[in-house]
Amino acid sequence: MVVIVKFARALQQSQRIFQAAKHLQNVRQFSVSTLLNAERRYTEKHEWVSVDGPSASVGISKYAQEALGDVVFAQLPEPGTAFKQGDECGALESVKAASEVYCPVSGEVTEKNSKVEDTPGLINTHTYTDGWLFKIKLSNPAELDKLMSEEQYNKYLEESDH
């Protein structure tokens, strides 16, 4: 009987620790997400760009991936390819539709996300983290000023037909 009581107490204590850890994890994710959103810039065609020094990561917005549905194929630009702002640079296919990807800034592609090519669903499940499409070395950083902040992008979504 003593063993059962001790086991029950240990179980209750571990459940409390688990609940506390779960709460801390949610807070941490919220903070990281808020920080990342503040750095992202968006296009009217629903691409995002996140700058890190002279380079930037490019992906599609949460709105775009939700509109596409489950992404099943990603055609990404090859490293070494140069694009101007607004150039078509790739394509995504889903169970519902196909969509072109447009380069949000001018520059040269330095890396493509091979994980997304192998597992396109990352675009749906990790839109702003592991679901990035490619990285680009900026040739004209002033173009970033033409893009929308997260607040401007959300207002754009509310007010336009997309």
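These are my notebook entries on a predicted model of one protein.

**Entry 1: ground rules.** I number residues from 1 along each chain as its sequence is written, and my side-chain values use heavy atoms, with hydrogens and water left out.

**Entry 2: overview.** I listed five helices and nine strands. Helices are DSSP runs of H or I with at least four residues, strands are runs of E with at least two, and both are numbered from the N terminus. Read from that end, the order is α-β-β-β-α-β-β-β-β-β-α-α-β-α. I then looked up burial, where buried means under 20% relative accessible area, exposed over 50% and partly exposed in between (1.4 Å probe, protein chains only). Of the 162 residues, 36% are buried. For contacts (heavy atoms within 4.5 Å), I looked at those with a separation of 6 or more: residues 24 or more positions apart account for 62% of them.

**Entry 3: the sheet.** I found an open sheet of six strands in the order β1-β2-β3-β9-β8-β5, with antiparallel pairing. β1 and β5 (82-83) are at the edges with a single partner strand each, so one side of each has no neighbour in the sheet. Two strands count as paired if DSSP finds at least two bridges between them. β5 is joined to β8 (residues 107-112) by two bridges. In these, F83 partners G107 and A82 partners E108. β8 also pairs with β9 (residues 134-138), in the antiparallel sense, over five bridges.

**Entry 4: helix α5.** Which residues of α5 (residues 150-159) are buried? I noted Y153, Y156 and L157. They lie on the same side of α5, because they cover an arc of only 100° around the axis, taken from the directions from the helix axis to the C-beta atoms. An α-helix has 3.6 residues a turn, so residues three or four places apart point the same way. The other side of α5 has E151, E158 and E159 exposed. The buried residues of α5 pack against β1 (40-42) and α2 (62-68).

**Entry 5: E66.** I went on to α2, where E66 is found. E66 counts as partly exposed because its relative accessibility is 47%. I also checked E66 against N124: the two are 58 residues apart in sequence, yet 7.4 Å apart in space, C-alpha to C-alpha.

**Entry 6: H46.** I found H46 in the loop between β1 and β2. H46 has a positive phi of about 80°, although it is not a glycine. With 9% relative accessibility, H46 counts as buried.

Entry 7: I looked up the second largest pocket, which holds about 220 Å³ of space. Of its 13 lining residues, W48, S50, D52, S57 and K135 are the closest to its centre. The elements that give two or more residues to this lining are α1 (2-39), β2 (47-52) and β3 (55-60). A pocket here is an open set of points on a 1 Å grid over the protein atoms alone, where a 1.4 Å probe fits, with protein on both sides within 12 Å along at least five of seven lines; lining residues have an atom within 4 Å of a point. Grid points are joined across faces, edges and corners, and the volume is the space filled by probe spheres set on the points.

Terms used:
Predicted model: local features only at pLDDT ≥ 70, side-chain atom pairs only at ≥ 80, totals over all residues.
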